[in-house]
Amino acid sequence: MSAPEKNYKDTILLPETGFPMRGDLTKNEPVRLKKWEDTGLYERILSRRIEQGAPRFLLHDGPPFANGDVHMGTALNKILKDLILKSKTMAGYAAPYVPGWDCHGLPIEFKVVQKARDLDAAEIRRRCVEFARGFIDIQRTSFRRLGVFGDWEHPYLTMDPAYEANILRVFAKLVEDGAVYQSRKPVQWSYGAYTALAEAEIDYKEKVSSSVFVRFPLLDNPLGLKASMVIWTTTPWTLPANVGIALHPRFTYVAGKFMKDGQTETLVIVKELLDAFAQKTGWALAETIREFQGAELENCEAQHPFLSRTSRIILADFVTTDTGTGAVHIAPGHGADDYNVGRQYGLPVLSPVDDDGKYTEEVGVPALTGKHVFDANKDIIAMLEKDNNLFGVEEYRHQYPHCWRSKTPIIFRAVEQFFISMDKLRPQALEQIDKVQWLPAWGRNRIYGTVEARPDWCISRQRTWGVPLPVFFDEDGKAVLDAALVRKIADMVEAHGSNIWFELSDEALCERLGLPKTWKKGKDTLDVWIDSGSSHMAVMDSRPGLDAPADLYLEATDQHRGWFQSSLMLSVAWRGTAPYKAVMTHGFVVDKDTGKKTSKSDAKSGKPIDAAYYYDKYGADIVRLWAASVDWQNEVPFGEDLFKQVTEPYRRLRNTLRILLGNINRFDFATQAVSPEHMPILDRWILERLNAVIRETLKAYEAYDFRKAFSVINQFCTSDLSALYVDTTKDRLYCDSVTSVRRRATLTAMTIIFKALCRLLAPILAFTADEAWEYAGYEGSVHEQDFPAPMPEYDTQEASSVVSRLLEIKSVIQVAIEEQVKAKTFSKNNEADIRLTVPSNESEDVVALLEDRAFCTEFFIIADLSVQTGPELAATALRTEHAMCPRCRRYEPEEEGADVCERCSEVLS
């Protein structure tokens, strides 16, 4: 092999493919998306499964609000749903997906009214429809661009007349069952948005408040005490509504003389808090007059500190000794606990506060009338101090409920509202919770706790944009709630839309419904959680091909108190069972620097949070890969630098597909494939590894563990395939003859691997897997295929155990080679002549392969190897005496009369 070097380039079988190394995703994905939509890919996939009689899997979509762009938290939610549906489809299910939007409610109306004040109801509603439809189109475009398959042309919208009518039919069932009532009781009121709020419409933010210790002089009592009760409250503004003081019936209270700066007061404080009271106020117990149980003062009276009325002493088990004095200020008009205990004692419900959060004349102090309650705290404190009724003040920071839309602190305020009683629904709902699979498992306790503690559901909203609360008021102002009437209204709304309620006068509406013309229609709308919570009936029961219960609901973790719960309650009311068989919750996407969850309002922060920014810059498949690679069970830290980390594994996966495509390009599997029994060991090994990957990935998809599915595939491609198999078999692929059995065996394996990888990656890399499938020349879309089935013929680990030992030997050989490379004996692996010692008990299969020169020079990528037995595994490396073959660049024995090695000579001849 010393003759002048010829050019053998044209004799080498180099990989060849048009599949580009760079994905250029931002340009190519929209083209592929258009093709999918033009050819009706989603409909084709679903029709095929239905024709096959495939089992159905129903994931019911929780509707996002139609009021903003798609941020990365929403993108995570939609992609997780799509990963489930695509993987279920490829696992053999018919998996229809009907996306939906929540269209009514405060977020949309608030935006509309902000832009134009003093609009009438009909115009507000017209603009709200326009606003919602605009954002539905924006969000739908984003979801499609992310590769999410679904019935995008026929989504469910809670503002569609048919859907609105079904909301009212669900409500009629509640009325029929006696679950709906009207009452004046405290609700969470937003003075910024002028409406009552649901628990799920509350955000908690830090607020600085003043807490006060206040004197209430004790009047005549059976203990003969001449003392003052001392209450502690964090809401001084509610003191004008005080009508009671709650003590714990079994706590021990101390009546005694307290001293501070030479002054003496006779006060009553719970025994456990005497030291804390002294520390916070300076008033220390100097002399105990008597100790008694709280129950001994039940129904006694104390004088209000600045109003000419008394407060009754009552008993309540919710009184604690965590902080305060053991005497709790009771204002039934401003708190749920206060209201409930107040009802037991027949206390009046005072709430001298208007819709703006300002005091009315009912406050009883003229100077306070018209003042905002939060501004009045300092006036009330000054009043208490002036009359010597203040024992201490402290400012403290705490988490306080705020309106999610206006961002203002809420107030608890008693107003006439309509409620759904939880008494009938709660026991059945709690029973149903334990029949549902909760993913993660802690979701069960979270929703169980919220349902168990939930007060009656306030369902009336003082808003315009929503489904009308179908109630009339007779001549005496009494509410008329009638199930048959509500169903009649539902039929009217289905035919004409809910605007008819707002457009017709009271008289015209009564005439249309056959009611007395003197009746008046209600002005409230229903809580929007009733809208989305009715979807189990309005969508699943009403659409052909769907029915309840759904196999899965999937939303963020805040929906235990939102959609999961409203759906559960209304489904229990409607059908007596939960609307879902399983519920999966994912964590919030949070800013990696601040820990704050991403939301539509974060756009001002300067950090890009819109999904469009990321798919326009990096491509939808990168966003999908990010979603698949995160731990969805916990909060997901997010930032562009973290996001970019997934571009590297994407590049490697794409390159793996390109290498496989390049090699199998001219291979006719049907006529040239090698059967399993004729496969060389390395090819059997890679298919055994692939088989394990298939089993593990399918199991991960079934468990919705997309992170593991991606990790298993990625590790296989990086470690087994690229680093070992492709690198080791490169020589046979490029330099063996086309008919070589070992070359055909490798191409057989690579074809099987390519087909399997494309299908396993398809749910995650929806665009790229389909692109690769198309370049391979296969029919249809990869998304119309089934997942690869496990291959029983490769379940055995025979090849794997042998290769595992060979890899141990390879690492010892590599150490020996690197020592000689460092010593400059030679420069490359394939120049090494190895002297290998193996233990005497070495496997016969391994020794046989080590004695096979063709195998071991290929596997170890060396020039030669001789093997002997000895006490332990060891290797030394020498420089080979062979010359380099100019065609294959391997160091091989000379072929007599040829300038290339024996193998290359045979190929060329």
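## Salt bridges and cavities in a predicted model

The side chains of Glu16 and Arg666 meet in a salt bridge, with 3.3 Å from N to O; the term stands for a side-chain nitrogen of Lys or Arg within 4 Å of a carboxyl oxygen of Asp or Glu. This pair links distant parts of the chain, since Glu16 lies in the segment before α1 (25–38) while Arg666 lies in the loop between α21 (647–664) and α22 (669–672), 650 residues apart. This is a predicted model, in which local features need pLDDT of at least 70 and side-chain atom pairs count only at pLDDT 80 or more, whereas totals for chains, interfaces and linings use all residues. Residues are numbered from 1 along each chain as its sequence is written, and side-chain values use heavy atoms, with hydrogens and water left out.

Glu16 is partly exposed, with a relative accessible area of 48%, and Arg666, at 47% relative accessibility, is partly exposed as well. Here buried means under 20% relative accessible area, exposed means over 50%, and partly exposed lies in between (1.4 Å probe, protein chains only).

A salt bridge also joins Glu774 and Arg32, whose closest N and O atoms are 3.3 Å apart. Glu774 lies in helix α26 (residues 766–775) and Arg32 in helix α1, so the pair ties together parts that are 742 residues apart in sequence; helices (H or I, at least four residues) and strands (E, at least two) are DSSP runs, numbered from the N terminus. Arg32 counts as buried at 11% relative accessibility, whereas Glu774 counts as partly exposed at 35%.

In the salt bridge between Asp434 and Arg444, the closest N and O atoms are 2.8 Å apart. Asp434 sits in the loop between α10 (422–433) and β17 (437–439), and Arg444 sits in helix α11 (residues 443–453), ten residues apart. Both partners are partly exposed, Asp434 at 47% relative accessibility and Arg444 with a relative accessible area of 25%. Salt bridges that share partners also join a set of residues into one network, including Asp683, Asp731, Arg732 and Arg903. The structure holds 68 salt bridges in total.

We can now turn to the empty spaces. Rolling a probe the size of a water molecule over the atoms shows where empty space is left. On a 1 Å grid over the protein atoms alone, a cavity is a set of points where a 1.4 Å probe fits but cannot get out, and its lining residues have an atom within 4 Å of a point. Grid points are joined across faces, edges and corners, and a volume is the space filled by probe spheres set on the points.

A search of the whole structure finds three cavities of 30 Å³ or more, and the largest cavity has a volume of about 140 Å³. Among the residues that line the largest cavity are Tyr42, Asp82, Phe149 and His783. Helices α2 (41–51) and α3 (72–90) each supply at least two residues of this lining, and the largest share, five residues, comes from α3. By class, the lining of the largest cavity has eight nonpolar, two polar and two charged residues, where Ala, Val, Leu, Ile, Met, Phe, Trp, Tyr, Cys and Pro count as nonpolar, Asp, Glu, Lys and Arg as charged, and the others, Gly among them, as polar.

The second largest cavity has a volume of about 80 Å³. Of the 14 residues that line the second largest cavity, the closest to its centre are Gly105, Leu106, Arg461, Arg463 and Val528.

Notes:
1 Å grid on protein atoms, 1.4 Å probe; cavity = no way out; pocket = protein on both sides within 12 Å on 5 of 7 lines; lining within 4 Å.
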